[in-house]
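This report is written for a reader who is meeting the structure for the first time. Please look over the sequence and the model before reading on.

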Protein chains: 2
Amino acid sequence: MRLFAKGGYAAVSMRQIAAEVGMQAGALYLYTPDKQTLLYDLMREHMEDLLAQWAQARIDGAPLQQLEAFTRFHINYHLERPDQVFIAYMELRNLNEENFKRIEALRRDYERELEEILRAGNMKNDFTIADARLSTMAIIAMLTGMTTWYREDGRLSRERIERIYWNMVRRSVGA
Amino acid sequence: MRLFAKGGYAAVSMRQIAAEVGMQAGALYLYTPDKQTLLYDLMREHMEDLLAQWAQARIDGAPLQQLEAFTRFHINYHLERPDQVFIAYMELRNLNEENFKRIEALRRDYERELEEILRAGNMKNDFTIADARLSTMAIIAMLTGMTTWYREDGRLSRERIERIYWNMVRRSVGA
DNA sequence: GTCTATAATCAGATAGAC
DNA sequence: GTCTATCTGATTATAGAC
């Protein structure tokens, strides 16, 4: 994960990966049939963990409360795993067609969680949004973007950043 | 640009680039000292063009009008150049330290344009934002994210998408 | 300005010893 | 389960012909 995030899939050799885990290159093939499958497995495990963790974190309640839960979950999950997040977004192009479709399906499943919260809130007039799919993509992009600049020792505490972003999300849906 | 965007810097060979422009690999070295400089030049030209185009597009007026101008400019500029945008964000890790600093400085210049609009609007109480820098990063991430899913022949027209996003931006700053 | 040829190195993956 | 050695082919960059 660390090597792929730092240099990109194509730039990392099986020899480098082997050195990182204290082996010779040949021994890696006891654990993966090839480099492509290794990337796919890392991405799949990340997406499956994301979905599983959200299934644990989600709450029942009013759409506004669900939206807040999703926002805070998404921020914290992503800020704690910057390498995985970077790979999950940037290395899609290095998956073969079949693997790409599988990862995209998992991503869709996750996006749908937010989309359904937005639809429910719109139906009850808790939110005022023109298009739930667009708001979903906008909110996820806004939140995920934090991983590109967030630093543990930055100017603002994570709690404060989280509150500010939640405010922006809330206002963006007209709540 | 197209090749780097599709496969990533490391995955693209000088032979592929040469074939794309109808040459042999050796002839490329008449135009660039090495592959790294070629990437840097592409990124620098993109950032300089972005800044130049915004200098043309920017307007005087109330902060809300300036924010709308920035939002619409950013959307249109980025949707028309998905390959450049992708490279400008994803290939930063493949620049050497010196080149990375130069590109980051140009990006900062661009971000500062939005940040100053937000600060001005906040001072006049046209906006209600807790932190101009955070709002800047949030808005840019939200808008730039459109390039990952936008298709010319998609469900919604560009004009409609633009209007919906502008609404979300406007509301996110409390205007 | 472009080509061909090549140097020097490195890639992913496999075979076989232990 | 891991190592060493190796196959095959690709890589960046350069040299020198034209």
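What rotation superposes chain A on chain B?

## The two protein chains

In this predicted model, chain A is superposed on chain B by a rotation of 180 degrees with 0.0 Å of shift along its axis, and the RMSD is 0.1 Å. The two copies are therefore related as by a two-fold rotation axis. Both copies use the same surface, since 100% of the contact residues of chain A recur in chain B.

## Around DNA strand D

There are 14 residues around DNA strand D, and those that come nearest are A:Gln24, A:Leu30, A:Tyr31, B:Met14 and B:Arg15. Of the atoms of DNA strand D that come within 4 Å of the protein, 66% belong to sugar and phosphate.

Several polar contacts involve phosphate oxygens of DNA strand D: a polar side-chain atom of A:Tyr31 lies 2.3 Å from one, a polar backbone atom of A:Gln24 is 2.7 Å from one, and a backbone N or O atom of B:Met14 lies 2.9 Å from one.

## Around DNA strand C

DNA strand C also has 14 residues around it, with A:Met14, A:Lys35, B:Gln24, B:Leu30 and B:Tyr31 coming nearest. Sugar and phosphate make up 64% of the atoms of DNA strand C that come within 4 Å of the protein, and the nearby surface divides into seven nonpolar, three polar and four charged residues.

Terms used. Residues numbered from 1 in each chain as written. Chains lettered and ligands numbered in written order. Predicted model: local features only at pLDDT ≥ 70, side-chain atom pairs only at ≥ 80, totals over all residues. Heavy atoms only, no water. Near = heavy atom within 4 Å. Polar contact = N/O pair within 3.5 Å; in protein donor to acceptor, adjacent residues only side chain to side chain. Least-squares fit on C-alpha atoms with pLDDT ≥ 70 in both. Contact = heavy atoms within 4.5 Å. Nonpolar A, V, L, I, M, F, W, Y, C, P; charged D, E, K, R; others polar.
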